[in-house]
Amino acid sequence: MNLTFSPEEQAFREKVRRFLADALPSDIRERVRLGRHLRADDHIRWQNILSEQGWLAANWPVEHGGPGWGPVQRHIFDEECAAAHAPTVVPFGVNMVAPVIMKFGSVEQQRHYLPRILNNQDWWCQGYSEPGAGSDLAGLSTRAVRDGDHYIVNGQKTWTTLGQHANMMFCLVRTDPHAKKQAGISFLLIDMQSPGITVRPIITLDGAHEVNEVFLDNVRVPLENRVGEEGQGWTCAKFLLTHERTGIAGLGHAKQALRHLKSLATRVQHRGKPLLSLPSFRQRVVKAELELMALEVTNLRVIAAARDGGVPGAESSLLKVRGSELRQEISELTRRALGPAALPFFPEFLHGDESLDDNDAQSAAASAQYFNRRKLSIYGGANEIQKSIVAKTILRM
(Lines give C-alpha, C1' and ligand atoms only; values in the text may rest on other atoms or scores of the structure.)
Protein backbone atom coordinates (compact mmCIF):
# COMPACT_ATOMS: atom_id res chain seq x y z
CA MET A 1 0.00 0.00 0.00
CA ASN A 2 1.60 3.26 -1.19
CA LEU A 3 0.89 6.17 1.19
CA THR A 4 3.06 8.76 -0.58
CA PHE A 5 1.86 11.33 -3.10
CA SER A 6 2.85 10.82 -6.71
CA PRO A 7 4.42 13.61 -8.82
CA GLU A 8 1.05 14.03 -10.57
CA GLU A 9 -0.68 14.45 -7.20
CA GLN A 10 1.91 16.99 -6.07
CA ALA A 11 1.35 18.92 -9.29
CA PHE A 12 -2.38 18.85 -8.60
CA ARG A 13 -1.70 20.31 -5.14
CA GLU A 14 0.18 23.22 -6.71
CA LYS A 15 -2.69 23.80 -9.13
CA VAL A 16 -5.17 23.98 -6.24
CA ARG A 17 -2.92 26.40 -4.33
CA ARG A 18 -2.69 28.74 -7.32
CA PHE A 19 -6.43 28.67 -7.80
CA LEU A 20 -7.11 29.47 -4.13
CA ALA A 21 -4.58 32.31 -4.16
CA ASP A 22 -6.25 33.87 -7.22
CA ALA A 23 -9.95 33.08 -6.75
CA LEU A 24 -10.74 33.16 -3.02
CA PRO A 25 -12.19 36.63 -2.17
CA SER A 26 -10.04 38.38 0.42
CA ASP A 27 -12.99 39.41 2.61
CA ILE A 28 -14.20 35.82 2.87
CA ARG A 29 -10.68 34.55 3.53
CA GLU A 30 -10.31 37.07 6.36
CA ARG A 31 -13.64 36.13 7.98
CA VAL A 32 -12.62 32.48 8.00
CA ARG A 33 -9.12 33.25 9.28
CA LEU A 34 -10.49 35.22 12.23
CA GLY A 35 -13.17 32.66 13.04
CA ARG A 36 -16.05 34.97 12.15
CA HIS A 37 -19.37 33.41 11.16
CA LEU A 38 -20.08 33.44 7.46
CA ARG A 39 -23.26 34.93 6.06
CA ALA A 40 -25.40 33.06 3.56
CA ASP A 41 -24.11 35.32 0.79
CA ASP A 42 -20.50 34.47 1.67
CA HIS A 43 -21.22 30.77 1.21
CA ILE A 44 -23.07 31.33 -2.06
CA ARG A 45 -20.36 33.60 -3.50
CA TRP A 46 -17.61 31.08 -2.82
CA GLN A 47 -19.63 28.11 -4.00
CA ASN A 48 -20.49 29.93 -7.23
CA ILE A 49 -16.76 30.46 -7.81
CA LEU A 50 -16.11 26.75 -7.24
CA SER A 51 -19.03 25.83 -9.50
CA GLU A 52 -17.68 28.01 -12.34
CA GLN A 53 -14.31 26.31 -11.92
CA GLY A 54 -16.00 22.89 -12.02
CA TRP A 55 -14.74 22.07 -8.51
CA LEU A 56 -17.82 22.47 -6.32
CA ALA A 57 -18.84 18.81 -6.46
CA ALA A 58 -15.43 17.37 -5.69
CA ASN A 59 -16.77 13.87 -5.03
CA TRP A 60 -19.08 13.69 -8.07
CA PRO A 61 -18.31 11.59 -11.15
CA VAL A 62 -17.91 13.31 -14.51
CA GLU A 63 -21.22 11.99 -15.84
CA HIS A 64 -23.11 14.02 -13.23
CA GLY A 65 -21.08 17.21 -13.69
CA GLY A 66 -18.25 16.58 -11.22
CA PRO A 67 -14.50 16.81 -11.89
CA GLY A 68 -14.07 13.04 -11.65
CA TRP A 69 -11.42 13.32 -8.95
CA GLY A 70 -10.21 10.30 -7.09
CA PRO A 71 -10.06 10.12 -3.27
CA VAL A 72 -6.47 11.39 -3.13
CA GLN A 73 -7.29 14.50 -5.15
CA ARG A 74 -10.31 15.18 -2.94
CA HIS A 75 -8.11 14.85 0.15
CA ILE A 76 -5.54 17.27 -1.28
CA PHE A 77 -8.26 19.75 -2.25
CA ASP A 78 -9.83 19.71 1.22
CA GLU A 79 -6.44 20.09 2.89
CA GLU A 80 -5.41 23.05 0.73
CA CYS A 81 -8.77 24.78 1.18
CA ALA A 82 -8.37 24.59 4.95
CA ALA A 83 -4.80 25.89 4.76
CA ALA A 84 -5.94 28.84 2.59
CA HIS A 85 -8.82 29.73 4.98
CA ALA A 86 -11.44 28.92 2.37
CA PRO A 87 -14.99 28.26 3.63
CA THR A 88 -16.11 24.67 3.93
CA VAL A 89 -18.65 23.87 1.24
CA VAL A 90 -22.10 23.58 2.81
CA PRO A 91 -22.28 19.77 2.69
CA PHE A 92 -25.97 18.95 2.80
CA GLY A 93 -26.62 19.23 -0.92
CA VAL A 94 -23.40 18.46 -2.74
CA ASN A 95 -21.84 15.95 -0.33
CA MET A 96 -24.83 14.32 1.39
CA VAL A 97 -28.11 14.18 -0.49
CA ALA A 98 -26.52 14.22 -3.97
CA PRO A 99 -24.70 10.86 -3.52
CA VAL A 100 -27.97 9.36 -2.20
CA ILE A 101 -29.88 10.61 -5.25
CA MET A 102 -27.15 9.26 -7.54
CA LYS A 103 -27.28 5.80 -5.94
CA PHE A 104 -30.94 5.37 -5.02
CA GLY A 105 -32.85 8.11 -6.87
CA SER A 106 -34.84 7.80 -10.08
CA VAL A 107 -33.55 9.14 -13.37
CA GLU A 108 -36.11 11.95 -13.12
CA GLN A 109 -34.85 12.91 -9.64
CA GLN A 110 -31.26 12.91 -10.84
CA ARG A 111 -32.10 15.11 -13.83
CA HIS A 112 -34.06 17.58 -11.70
CA TYR A 113 -32.08 17.90 -8.48
CA LEU A 114 -28.42 17.32 -9.38
CA PRO A 115 -28.06 20.30 -11.77
CA ARG A 116 -29.81 22.54 -9.23
CA ILE A 117 -27.34 21.47 -6.53
CA LEU A 118 -24.42 22.01 -8.88
CA ASN A 119 -25.63 25.53 -9.75
CA ASN A 120 -26.46 26.52 -6.15
CA GLN A 121 -30.15 26.88 -6.97
CA ASP A 122 -31.16 24.81 -3.93
CA TRP A 123 -29.89 25.09 -0.36
CA TRP A 124 -30.46 21.77 1.40
CA CYS A 125 -30.76 20.95 5.09
CA GLN A 126 -30.87 17.62 6.91
CA GLY A 127 -34.00 16.31 8.64
CA TYR A 128 -32.62 13.42 10.68
CA SER A 129 -32.40 14.09 14.44
CA GLU A 130 -35.50 14.47 16.59
CA PRO A 131 -35.96 15.32 20.28
CA GLY A 132 -36.28 11.59 21.00
CA ALA A 133 -34.02 10.24 18.24
CA GLY A 134 -30.45 11.49 18.01
CA SER A 135 -27.73 8.87 18.03
CA ASP A 136 -30.56 6.28 18.18
CA LEU A 137 -31.76 7.56 14.83
CA ALA A 138 -33.91 4.50 14.14
CA GLY A 139 -36.14 5.62 16.99
CA LEU A 140 -37.50 8.56 14.98
CA SER A 141 -41.25 9.21 15.20
CA THR A 142 -42.00 11.74 12.43
CA ARG A 143 -44.86 10.10 10.51
CA ALA A 144 -45.69 10.08 6.82
CA VAL A 145 -49.11 8.72 5.88
CA ARG A 146 -50.19 8.15 2.27
CA ASP A 147 -53.03 10.27 0.97
CA GLY A 148 -53.52 9.61 -2.74
CA ASP A 149 -50.40 10.74 -4.59
CA HIS A 150 -48.97 12.52 -1.52
CA TYR A 151 -47.64 11.78 1.93
CA ILE A 152 -48.97 13.77 4.88
CA VAL A 153 -46.00 14.41 7.19
CA ASN A 154 -46.26 15.30 10.88
CA GLY A 155 -43.43 15.56 13.39
CA GLN A 156 -40.44 17.55 14.55
CA LYS A 157 -36.78 17.64 13.55
CA THR A 158 -34.04 19.30 15.58
CA TRP A 159 -30.42 20.47 15.26
CA THR A 160 -31.19 21.35 11.63
CA THR A 161 -28.00 23.12 10.62
CA LEU A 162 -28.51 26.29 8.54
CA GLY A 163 -32.17 25.36 8.06
CA GLN A 164 -33.03 29.06 8.19
CA HIS A 165 -31.45 29.43 4.73
CA ALA A 166 -32.68 26.18 3.19
CA ASN A 167 -35.39 25.77 0.58
CA MET A 168 -35.14 21.96 0.53
CA MET A 169 -34.77 19.28 3.22
CA PHE A 170 -33.97 15.58 2.91
CA CYS A 171 -35.92 13.93 5.67
CA LEU A 172 -36.26 10.53 7.33
CA VAL A 173 -39.88 9.68 8.14
CA ARG A 174 -41.69 6.64 9.50
CA THR A 175 -44.02 5.23 6.85
CA ASP A 176 -44.76 1.91 8.59
CA PRO A 177 -45.18 2.17 12.38
CA HIS A 178 -45.72 -1.59 12.71
CA ALA A 179 -42.49 -2.73 11.02
CA LYS A 180 -39.11 -3.23 12.69
CA LYS A 181 -37.69 0.21 13.55
CA GLN A 182 -35.21 0.35 10.68
CA ALA A 183 -37.59 -1.27 8.18
CA GLY A 184 -40.38 1.26 8.55
CA ILE A 185 -38.40 4.36 7.51
CA SER A 186 -38.48 6.20 4.17
CA PHE A 187 -36.37 9.00 2.67
CA LEU A 188 -38.28 12.07 1.46
CA LEU A 189 -37.26 15.30 -0.29
CA ILE A 190 -39.35 18.13 1.19
CA ASP A 191 -39.83 21.67 -0.11
CA MET A 192 -39.20 23.96 2.88
CA GLN A 193 -41.72 26.46 1.48
CA SER A 194 -44.55 23.94 1.88
CA PRO A 195 -47.50 25.02 4.06
CA GLY A 196 -47.21 23.60 7.57
CA ILE A 197 -43.42 23.97 8.01
CA THR A 198 -42.17 26.16 10.85
CA VAL A 199 -38.46 26.84 11.49
CA ARG A 200 -37.41 28.10 14.93
CA PRO A 201 -33.85 29.11 15.83
CA ILE A 202 -31.69 27.40 18.44
CA ILE A 203 -28.91 29.71 19.67
CA THR A 204 -25.76 27.74 20.44
CA LEU A 205 -23.19 28.24 23.22
CA ASP A 206 -21.13 30.58 21.05
CA GLY A 207 -24.13 32.85 20.49
CA ALA A 208 -24.63 31.78 16.88
CA HIS A 209 -27.83 30.97 15.03
CA GLU A 210 -26.43 27.87 13.38
CA VAL A 211 -29.05 25.22 14.15
CA ASN A 212 -32.82 25.09 14.26
CA GLU A 213 -35.83 23.00 15.14
CA VAL A 214 -38.28 22.29 12.32
CA PHE A 215 -41.96 21.51 12.88
CA LEU A 216 -43.97 19.70 10.21
CA ASP A 217 -47.75 19.96 10.60
CA ASN A 218 -49.78 18.15 7.92
CA VAL A 219 -47.14 18.87 5.28
CA ARG A 220 -48.05 17.44 1.87
CA VAL A 221 -45.13 15.80 0.04
CA PRO A 222 -45.59 14.26 -3.44
CA LEU A 223 -44.91 10.52 -3.65
CA GLU A 224 -42.46 11.30 -6.46
CA ASN A 225 -40.25 13.00 -3.83
CA ARG A 226 -39.49 9.70 -2.13
CA VAL A 227 -35.98 8.42 -2.87
CA GLY A 228 -35.87 4.66 -3.29
CA GLU A 229 -38.61 2.29 -2.29
CA GLU A 230 -40.90 2.85 0.67
CA GLY A 231 -39.17 1.43 3.74
CA GLN A 232 -35.69 1.75 2.17
CA GLY A 233 -34.88 4.98 4.03
CA TRP A 234 -32.56 3.31 6.55
CA THR A 235 -30.36 2.03 3.74
CA CYS A 236 -30.16 5.57 2.33
CA ALA A 237 -29.44 6.97 5.80
CA LYS A 238 -26.54 4.59 6.48
CA PHE A 239 -25.04 5.33 3.07
CA LEU A 240 -25.23 9.07 3.73
CA LEU A 241 -23.85 8.90 7.29
CA THR A 242 -20.70 7.11 6.11
CA HIS A 243 -19.92 10.17 3.95
CA GLU A 244 -20.81 12.57 6.79
CA ARG A 245 -18.68 10.88 9.47
CA THR A 246 -15.57 10.75 7.30
CA GLY A 247 -15.92 14.50 6.66
CA ILE A 248 -16.40 15.35 10.34
CA ALA A 249 -12.82 14.19 11.01
CA GLY A 250 -11.79 17.53 9.48
CA LEU A 251 -8.09 16.72 9.11
CA GLY A 252 -7.35 19.78 7.02
CA HIS A 253 -8.99 22.08 9.55
CA ALA A 254 -7.23 20.34 12.43
CA LYS A 255 -3.83 20.80 10.77
CA GLN A 256 -4.53 24.47 10.14
CA ALA A 257 -5.71 24.96 13.74
CA LEU A 258 -2.57 23.26 15.04
CA ARG A 259 -0.35 25.54 12.95
CA HIS A 260 -2.19 28.53 14.41
CA LEU A 261 -1.81 27.15 17.94
CA LYS A 262 1.95 26.63 17.58
CA SER A 263 2.43 30.10 16.12
CA LEU A 264 0.37 31.59 18.94
CA ALA A 265 2.28 29.67 21.62
CA THR A 266 5.60 31.01 20.33
CA ARG A 267 4.34 34.61 20.62
CA VAL A 268 2.55 34.42 23.97
CA GLN A 269 4.96 34.96 26.86
CA HIS A 270 4.96 33.04 30.14
CA ARG A 271 7.36 34.47 32.74
CA GLY A 272 9.46 36.01 30.01
CA LYS A 273 9.62 32.91 27.81
CA PRO A 274 7.45 31.62 24.95
CA LEU A 275 4.55 29.56 26.23
CA LEU A 276 5.61 26.71 23.97
CA SER A 277 8.79 26.35 26.04
CA LEU A 278 6.72 25.50 29.16
CA PRO A 279 7.10 21.69 29.49
CA SER A 280 3.53 20.99 30.61
CA PHE A 281 2.03 22.98 27.72
CA ARG A 282 4.54 21.79 25.12
CA GLN A 283 3.80 18.17 26.08
CA ARG A 284 0.09 18.59 25.27
CA VAL A 285 0.86 20.31 21.95
CA VAL A 286 3.34 17.59 20.94
CA LYS A 287 0.88 14.87 21.94
CA ALA A 288 -1.84 16.47 19.82
CA GLU A 289 0.54 16.80 16.87
CA LEU A 290 1.65 13.16 17.08
CA GLU A 291 -1.92 11.92 17.32
CA LEU A 292 -2.88 14.09 14.36
CA MET A 293 -0.02 12.63 12.34
CA ALA A 294 -1.18 9.12 13.24
CA LEU A 295 -4.76 9.98 12.27
CA GLU A 296 -3.56 11.39 8.95
CA VAL A 297 -1.77 8.12 8.18
CA THR A 298 -4.96 6.22 9.01
CA ASN A 299 -6.91 8.55 6.74
CA LEU A 300 -4.38 8.01 3.95
CA ARG A 301 -4.77 4.25 4.39
CA VAL A 302 -8.52 4.62 3.92
CA ILE A 303 -7.88 6.82 0.88
CA ALA A 304 -5.39 4.32 -0.55
CA ALA A 305 -7.94 1.53 -0.12
CA ALA A 306 -10.58 3.66 -1.86
CA ARG A 307 -8.09 4.41 -4.65
CA ASP A 308 -7.76 0.65 -5.11
CA GLY A 309 -11.55 0.18 -5.26
CA GLY A 310 -12.42 -0.24 -1.57
CA VAL A 311 -15.37 1.39 0.18
CA PRO A 312 -15.05 3.18 3.57
CA GLY A 313 -16.79 1.22 6.30
CA ALA A 314 -16.34 1.32 10.06
CA GLU A 315 -13.07 3.20 9.48
CA SER A 316 -15.19 6.31 8.97
CA SER A 317 -16.38 5.92 12.58
CA LEU A 318 -12.78 5.73 13.79
CA LEU A 319 -11.83 8.84 11.83
CA LYS A 320 -14.86 10.68 13.22
CA VAL A 321 -14.02 9.80 16.85
CA ARG A 322 -10.34 10.71 16.79
CA GLY A 323 -10.75 13.68 14.47
CA SER A 324 -13.43 15.28 16.63
CA GLU A 325 -11.47 14.67 19.84
CA LEU A 326 -8.32 16.22 18.39
CA ARG A 327 -10.14 19.30 17.12
CA GLN A 328 -11.64 19.76 20.60
CA GLU A 329 -8.22 19.39 22.21
CA ILE A 330 -6.62 21.95 19.87
CA SER A 331 -9.39 24.47 20.56
CA GLU A 332 -8.92 23.91 24.30
CA LEU A 333 -5.17 24.52 24.02
CA THR A 334 -5.74 27.66 21.93
CA ARG A 335 -8.09 29.05 24.56
CA ARG A 336 -5.58 28.26 27.31
CA ALA A 337 -2.74 29.86 25.35
CA LEU A 338 -4.65 33.14 25.16
CA GLY A 339 -5.56 33.07 28.86
CA PRO A 340 -7.61 36.12 29.94
CA ALA A 341 -7.47 37.50 26.40
CA ALA A 342 -9.90 34.77 25.36
CA LEU A 343 -12.55 35.91 27.85
CA PRO A 344 -14.15 38.90 26.05
CA PHE A 345 -17.13 38.05 23.85
CA PHE A 346 -17.74 40.23 20.79
CA PRO A 347 -20.97 39.01 19.12
CA GLU A 348 -21.17 42.05 16.83
CA PHE A 349 -17.71 41.17 15.50
CA LEU A 350 -18.22 37.41 15.27
CA HIS A 351 -21.68 37.50 13.73
CA GLY A 352 -21.78 40.93 12.11
CA ASP A 353 -19.56 43.55 10.52
CA GLU A 354 -18.16 45.40 13.56
CA SER A 355 -14.38 45.82 13.45
CA LEU A 356 -11.85 45.29 16.25
CA ASP A 357 -8.18 46.16 16.70
CA ASP A 358 -5.72 43.45 15.69
CA ASN A 359 -5.12 42.05 19.19
CA ASP A 360 -8.82 41.67 20.01
CA ALA A 361 -9.61 40.33 16.54
CA GLN A 362 -6.97 37.61 16.86
CA SER A 363 -8.43 36.31 20.12
CA ALA A 364 -12.14 37.09 19.68
CA ALA A 365 -13.09 33.67 18.31
CA ALA A 366 -11.08 31.48 20.70
CA SER A 367 -13.73 30.90 23.37
CA ALA A 368 -16.58 30.87 20.85
CA GLN A 369 -14.83 28.15 18.84
CA TYR A 370 -14.02 26.22 22.02
CA PHE A 371 -17.71 26.13 22.92
CA ASN A 372 -18.79 25.37 19.36
CA ARG A 373 -16.36 22.46 19.03
CA ARG A 374 -18.15 20.62 21.87
CA LYS A 375 -20.71 19.53 19.28
CA LEU A 376 -18.15 17.59 17.20
CA SER A 377 -18.25 14.52 19.43
CA ILE A 378 -22.07 14.49 19.38
CA TYR A 379 -23.41 15.20 15.90
CA GLY A 380 -23.11 12.73 13.06
CA GLY A 381 -23.61 9.99 15.65
CA ALA A 382 -22.20 10.42 19.17
CA ASN A 383 -18.66 9.18 19.68
CA GLU A 384 -19.86 6.55 22.14
CA ILE A 385 -21.98 5.03 19.37
CA GLN A 386 -19.05 5.21 16.93
CA LYS A 387 -16.79 3.38 19.39
CA SER A 388 -19.38 0.60 19.62
CA ILE A 389 -19.37 0.34 15.82
CA VAL A 390 -15.56 0.09 15.78
CA ALA A 391 -15.61 -2.50 18.58
CA LYS A 392 -18.18 -4.71 16.83
CA THR A 393 -17.10 -4.31 13.21
CA ILE A 394 -13.32 -3.95 13.36
CA LEU A 395 -12.34 -5.54 16.69
CA ARG A 396 -15.09 -8.22 16.57
CA MET A 397 -15.88 -7.70 20.25
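Biologist: Which elements do the buried residues of α6 pack against?

Modeller: They pack against α3, α5 (91-104), β1 (124-127), β4 (168-174), β5 (185-191) and β8 (226-227). Contact means heavy atoms within 4.5 Å. Helices (H or I, at least four residues) and strands (E, at least two) are DSSP runs, numbered from the N terminus. A word on the source: this is a predicted model, where local features need pLDDT of at least 70, side-chain atom pairs count only at pLDDT 80 or more, and totals for chains, interfaces and linings use all residues. Residues are numbered from 1 along each chain as its sequence is written, and side-chain values use heavy atoms, with hydrogens and water left out.

Biologist: Which residues of α6 are buried?

Modeller: Buried means under 20% relative accessible area, exposed over 50%, and partly exposed in between (1.4 Å probe, protein chains only). In α6 the buried ones are Q109, Q110, Y113, L114, I117 and L118. Seen down the axis of α6, they fall within an arc of 130°, so they line one face of the helix. The arc is that of the directions from the helix axis to the C-beta atoms. The face turned away from the buried side carries the exposed residues E108 and R111.

Biologist: Why do residues three or four places apart point the same way?

Modeller: An α-helix has 3.6 residues a turn, so residues at that spacing point the same way. Now take α1. Its buried residues are E9, F12, R13, V16, F19 and L20. Down the axis of α1 they fall within an arc of 125°, so they too line one face. Exposed residues P7, R18, A21 and D22 are on the face of α1 turned away from the buried side.

Biologist: What span should α1 and α6 have?

Modeller: The expected span of a helix is 1.5 Å times one less than its number of residues. Helix α1 (residues 7-23) has 17 residues and should span 24 Å; its end C-alpha atoms are 24 Å apart, which agrees. Helix α6 (residues 107-118) has 12 residues and should span 16 Å; its end C-alpha atoms are 16 Å apart, which agrees.

Biologist: What follows α6?

Modeller: N120, and its phi is positive. Most residues other than glycine have a negative phi. Phi of N120 is near 60°. N120 lies in the loop between α6 and β1 and is buried, with a relative accessible area of 15%.

Biologist: Is W159 buried or exposed?

Modeller: W159 counts as exposed, at 53% relative accessibility. Phi of W159 is also positive, near 55°. W159 lies in the loop between β3 (150-157) and β4. T158 lies in that loop as well, but T158 counts as buried at 10% relative accessibility. Leaving aside neighbours within four places in sequence, T158 is in contact with S129, E130, P131, I202, N212 and E213.

Biologist: How many aromatic pairs does a search of the whole structure find?

Modeller: It finds 13. Rings of Phe, Tyr and Trp (its six-membered ring) pair if their centres lie within 6.5 Å; planes under 30 degrees apart count as stacked, over 60 as edge-to-face and the rest as tilted. Take W55 and F77. Their ring centres are 5.9 Å apart and their planes at 80°, so the pair is edge-to-face. The pair links distant parts of the chain: W55 is in the loop between α3 (40-53) and α4 (71-83), F77 is in helix α4, and they are 22 residues apart. Both W55 and F77 are buried. Ring pairs also link F12, F19, W46, W55, W69 and F77 into a cluster.

Biologist: Which charged residues sit over rings?

Modeller: The test is that NZ of Lys or CZ of Arg is within 6 Å of the ring centre and within 35 degrees of the ring normal. R36 lies over the face of F349, at 3.9 Å from the ring centre. The charged end of R200 sits over the ring of F215, 4.5 Å from its centre.

Biologist: What does the UniProt annotation say about residues 125-219?

Modeller: An unreviewed UniProt entry annotates them as "domain: Acyl-CoA oxidase/dehydrogenase middle". UniProt positions are given in the numbering used here, feature names are shortened, and annotations may be inferred rather than shown by experiment. In the model, the span is 0% helix and 51% strand, and its end C-alpha atoms lie 17 Å apart.
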